[in-house]
Amino acid sequence: MMKTNLPVILLRGIVLLPNNDIKLEFEKGDSSIIIDEAEMFHHNKLLVVCDTETVEDVNYKKLPKMGIISKLSHKIELPNGRIRIVISGLSRAKVDNYLNADKKDEVLEAIVTELDEEVINEKEEKILVEKVKKEMNSHVKTISYLSNSILEAIKNVDSLSKITDIVAMSLAVELERLVDYLNCLNPEKRTNMILADLYEEEEKYNIERNLDLKVKKEIDENQREYFLREKLRLIKEELGDISPKDEEVDELKEKIDNLQASDKIKTRLSKELSRYEALSTVSPEINLIRNYIDWLLELPWCKSTIDNEDLQNVKEILDLSHYGLDKVKERIIEFLAVKKNTDSLNGPILCLVGPPGVGKTSLAFSIAKAMNRNFVKMSVGGVNDEAEIMGHRRTYLGANPGRIITSMKKAKSNNPVFLIDEIDKMTKDIKGDPASSLLEVLDPEQNSFFSDNYIEEEFDLSKVMFIATANYMEQIPEALKDRLEIVKLSGYTEFEKLDIAKKHLLPKVCEEHGFNYDKLDIADALILNVIRNYTKEAGVRELERQLANIVRKIVTSMVINNIRMEKVKVDDEMIKKYLGNPKYQDYEKNAEQVVGVVNGLAYTSFGGDTLPIEVNFYEGKGNLVLTGSLGDVMKESAQIALSYIKSHIKEFGIDYDKITKNDIHIHVPEGATPKDGPSAGITLTTALISALANLRVDNKLAMTGEITLRGKVLPIGGLKEKSIGANRNGIKKIIIPYDNIADLDEVPKEIKDTIEYIPVKEYMEVFEIIKKG
């Protein structure tokens, strides 16, 4: 017997026997390394071992000592990056020793000895082979669901060793039984095992078949019993006996009489109840009608909650739960004031638009709490089927009302605060346009007559206070936007975040972790450090997670060390230990004055941010190269900027040959992030002039504004958010369009105190500013 070493491939839940093939498919990784080693160093040979352990981690000390020497007969790399192989079993082998078992970076190998099968008499072998074929033929005929492909596979096989291995792999036996076949070197013994398994499977099949016949007979008897019981029911009704269904109908009649709804709804319910009463208890329609009656009975047709009309109390509750957001709070107070004055007013339909984490969703819940109304939420992000909103017609199997009516049922009142979340993320396809379905819901002129496809009766939504939320106003369909009262929520300044952290986040986080907030001593400067260096967002979600991280680690340390402290003082070292190195270094985006680099301002999903624009030129043919994932509008702004410079070449002191005999490259860093919009017009112009005129621009200066071919500076949007981002990045001066002066009223006072705003009407004013430095 010759010994050799082979790479090992472990199979869990699969046994391979000689003279059989298995197909495997896997990702590139450890398994592909094994295959590569088999191809390069072992003539496509490897050892297949079946691991019967159920635990996830492999215990190399308990690996089987028997395996199959196999050959890699086929390998193909699929388009999706996966690898598909076919392994053919050759012979049984004994594992003498596993190599590299404790080395994670090395391929598992084994020293194996190929085993010879026990030799039996040639005449006896021929008889046993015929016996196996005969029994398999009978087995396939007996068990109807078996494929006869196995008969073709063994038709021309004369070797007992080979036929037993092929047949064993086709048997419906447990994994342990296949392992027994693997460990058995005697073909005669394997033949006896196969015959025993065949007889056992046939016996099970016959028992199951007899059971099926008995069940069929019982079903026939139950059918007969059903007809007899139906006759008995009719006889009882003739005799005046009362059935349980009659009691159920009486109960439903009582509910209809006590229902707070219009006469029209009660009439509809009475008709449906009459249909329900007339149907047989075994009718397939009876459950559909009962479900419909239950829906009509459970909807809050005329149930309302009483609003909290103490306006001062409402304002206090809103202020307690959310910092700032004065416009939204003011609108809620106005609604309640007018309602109190007129004693009747339809609910407003507000749409809170702002970046993630500024408190849009949680504010809606606080509004419901302050107004003493019930609260329901419906997220429409990713919804692409209008039936989700309007419901399915009752003719469809399994039909139910849409999410509007379902939410009203949950609300248990007809005047809840109804939050429609992520209204800008709806999609449309062949199933319909859910945004169009919401038009009826959110139109004050129509929603008092809202009709769900399933309910088929008008439901009054006019008393509902709808609050929609969105991240991007541009993604809300125009027809839907027209019906909404848009309230923009901008990001928080650093000092607003500091105030929120102290008044709301830290007390909340400490309570969630069972830690007394009064025992936590953390300075404002440290919280600002977390805000500046460990978060980058318009809202406070990430800030809350980082503060929770600090508190969680403090609590863990106290529990592990079994210590109690009267006061826990947080310092810089603890912040770095708990949160790691700073994640964001905003102040280093444009740390020094460089020719051809100018700070622009952008409005991103994180709120406002600075946007350094880089310009370089080199010998060429006057081409303009634009990189940095720029949108069409921003590319056009770059073309306009270059055309404007060409037409005023003398005023800027630029040699025209520099433009015509050089290629100009404009790049906006963070190329993976798409950028678009016209507001970088004056920044692009300034960056081009800086590069072409060798003029350095103050790195503490930023600018925003659209430019025209005539050099006019046009107004932009998002000045507040851009100002907050500029302040976060250490900007001291911002050049803005003259028409945006009115927007400065929305900029927080602490931002205006640290940043100088320079309004301009013409680009030449910008050029004079950068010349002075």
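Let's start on the surface: E247, D250, E251, E254, D257 and E277 gather there in a patch of negative charge. A patch here takes residues with over 30% relative accessible area and no salt bridge, with like charges joined within 9 Å. A salt bridge means a side-chain nitrogen of Lys or Arg within 4 Å of a carboxyl oxygen of Asp or Glu.

A word on the source. This is a predicted model, where local features need pLDDT of at least 70 and side-chain atom pairs count only at pLDDT 80 or more, while totals for chains, interfaces and linings use all residues. Residues are numbered from 1 along each chain as its sequence is written, and side-chain values use heavy atoms, leaving out hydrogens and water.

Back to the patch. Helix α7, residues 244–258, gives the most, with 5 residues. E254 sits in helix α7. At 52% relative accessibility, E254 counts as exposed (exposed is over 50%, buried under 20%, partly exposed in between, with a 1.4 Å probe and protein chains only).

Now the aromatics. How many aromatic pairs does the structure hold? There are 8 aromatic pairs. Rings of Phe, Tyr and Trp (its six-membered ring) pair if their centres lie within 6.5 Å; planes under 30 degrees apart are stacked, over 60 edge-to-face, the rest tilted.

Take W301 and F459. That pair is tilted, 5.2 Å centre to centre, with 50 degrees between the planes. W301 lies in the loop between α9 and α10, and F459 in strand β11, so the pair ties together parts 158 residues apart in sequence. W301 and F459 are both buried.

Next, F365 and F375: edge-to-face, 5.4 Å centre to centre, 90 degrees between the planes.

Key: Patch = residues over 30% accessible without salt bridge, like charges linked within 9 Å, V, L, I, M, F, W, Y side chains within 5 Å. Areas by Shrake-Rupley, 256 points an atom, 1.4 Å probe, with all protein chains shown as cover. Lys, Arg positive; Asp, Glu negative; His and termini not counted. Charge placed at Lys NZ, Arg CZ, Asp CG, Glu CD. Helix = DSSP H or I, 4+ residues; strand = E, 2+ residues; numbered from the N terminus.
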